[in-house]
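Hi,

Here is the structure I promised to pass on. My notes follow below it.

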Amino acid sequence: MKSILTTSLLLSSILATSVQAASLTLGIAAEQPSMDPHYSRTSPNQATASQFFERLVRYDQDMRMQPHLAESWRQLDLLTWEIKLRQGVKFSDGSDFDAADVVYTVKRIPQVQNSPASFDSDVAKIISIEAKDAHTLVIKLSEASPRFIKEIGNLYILPSELALDVSSDDFNNGPAMIGTGPYQFVEWRRGEFVKAVRNPHYWGKQPHFDEVTFRFITNGASRVASLLSGSVDMIEDIPTQDLPNLQSKAELQVWQKASARLIYLHMDSNREQTPFITAKDGSAINNPLRDARVRQALSLLIDRQAISERIMRGAAEPTGQFVPAGLEGFIDNFPVPQANVEQAKALLAEAGYGDGFKMVLHSSNNRYQNDAQVIQAVAQLLSRGGLEVAVEVMPANVYFKRASALDFSMFLMGFGSSTGSSLRGLNQVLHSYDKDLGHGLFNRGRYSNSEFDRVIESAEQEADPAQHEELLQLATQVAMEDYGILPLYFEKQTWAARQGLIFETGRQEATLAADIRQ
């Protein structure tokens, strides 16, 4: 591993020359679980990782894939890829980036311990990866994957000098925080902040600010108060009720942008009995969520428009599919499900639940915009069908571990389609769970539909773009008509800042310091 002493001396030197430099303080809504860029592919972890590390490809403001650390790629045959890497790139410790670093990164992914949302699926097809020369990779796959560059392109690249068994703690404490990104790590104080300084070796356009502090302020009202007091320069995820007030202030500016983050309800549709559903008298019953008629009835009880207008105050776009317009796999004229209480009751009766049942819904209370309020609204709407519904919410760091452990019956989740396509989301959220093949790794309800699996696997291997998109649309239709999940809405991302800052917004969720200038 790189010398801790060398890294510390370098950081001290940078800090000493940056005392008088421009600084920026950001109010961030969710704290990452680890500084390890491979520990979790959830948004908070990836947002932080993007400040310090880079990937082979990037996505522009419109979610279109662009070359980045990889300059070009091509298929030599159905199972073999060649990737040409950018030359002249250096890591933050001054060492050169080359093909050995990508080889190391791929081999490290399966070694990451206790990952709640791993990158295993992105390397599952790789049989071998070799450095043909310092800037050329040759990769052999176990099966055809015409969009393989999007899979390997998800990985943040680390220097090969790190040991394969480098721990997440080595990132959390600093010595392993060596990346090619625009900023260099200084300190992470859990529950408080991450500090960074400009990377003097950065190969791209130098960021505007020399020092950046990412303050974690998970409470929305506290974020707003911090901006109004001037203790932070910019905040993300503005509470919907505060938007009009902030928009009215001449000393502030507000940005709002539709995102590709789907908020949906996931259901335990696999087990014969599920932990948080009982008869109304508390006795055990067979899991009603296994019946598609019950899942459809629950969907019919939910008024998505009302949630978007009243709970989200317009900062949401109701939907019945996985990605918004403009992304690959979107279906034109696919209806947003409309509430119909009488039809829902009829379906429940047909399925044998005319008297309803008792259930507990679960959600985080500090991860998504208004998540606790949204799940409470869902509970009230479901009660119209004769169900007795309670709600339990908890902090995200507890919630996601429990969700991954299959602790819940019906629960609120989100998925951001960061690659401009529905392919990864459909595969990860709705494909039958198969850890070895990398399918269904976010399928925390263990939904399983053989027809859907067949179609999405065909989409993965279809090289023709038009046929590929048709298969994505068909897979979406199969899953949505079987109510594998219940889509609710796409979040709209919001930011507010003091006047004088310029921020290039897009569909991406991360608040990247390199995108901010004055």
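**The cavity and what surrounds it**

The structure holds 1 cavity of 30 Å³ or more. (A cavity here is a set of points on a 1 Å grid over the protein atoms alone where a 1.4 Å probe fits but cannot get out; grid points are joined across faces, edges and corners, and a volume is the space filled by probe spheres set on the points.) One caution before the rest: this is a predicted model, where local features need pLDDT of at least 70 and side-chain atom pairs count only at pLDDT 80 or more, while totals for chains, interfaces and linings use all residues. Residues are numbered from 1 along each chain as its sequence is written, and side-chain values use heavy atoms, with hydrogens and water left out.

The largest cavity has a volume of about 260 Å³. Its lining (residues with an atom within 4 Å of a point) is made of 20 residues, and D122, E151, L423, R424 and E460 lie nearest the centre. Two or more lining residues each come from α4 (120–123), α5 (148–152) and α14, with α14 giving the largest share, 4 residues. By class, the lining has 2 nonpolar, 10 polar and 8 charged residues. (Ala, Val, Leu, Ile, Met, Phe, Trp, Tyr, Cys and Pro count as nonpolar, Asp, Glu, Lys and Arg as charged, and the others, Gly among them, as polar.) Helices (H or I, at least four residues) and strands (E, at least two) are DSSP runs, numbered from the N terminus.

**α14 against α15**

The axes of α14 (residues 423–430) and α15 (residues 450–461) come within 11 Å and cross at roughly 145°. (Axes are lines fitted to C-alpha atoms, for helices over the stretch in contact, and angles run from 0 to 180 degrees between N-to-C directions.) On the α14 side, L423, L426, N427 and L430 meet F452, D453, I456, A459 and E460 of α15, where contact means heavy atoms within 4.5 Å. That contact has 6 nonpolar, 1 polar and 2 charged residues.

**The strands**

There is an open sheet of 4 strands in the order β4-β5-β7-β6, with antiparallel pairing; two strands pair if DSSP finds at least two bridges between them. β4 (70–77) and β6 (126–133) each have a single partner strand, so one side of each is left without a neighbour in the sheet. The twist averages 20° from one strand to the next. Inside the sheet, β5 (residues 80–85) and β7 (residues 136–141) pair over 5 bridges, with E82 opposite V138. Helix α3 (residues 99–108) lies across β5, β6 and β7, at about 165° to β6.

Further along, β8 (residues 183–189) and β9 (residues 193–198) pair in the antiparallel sense over 6 bridges, and Y183 stands opposite R198. These two strands form a hairpin with 3 residues between them, and G191 in the turn has a positive phi of about 75°. β9 also pairs with β10 (residues 211–216), antiparallel over 5 bridges, where V194 faces F214.

Cheers

Notes
1 Å grid on protein atoms, 1.4 Å probe; cavity = no way out; pocket = protein on both sides within 12 Å on 5 of 7 lines; lining within 4 Å.
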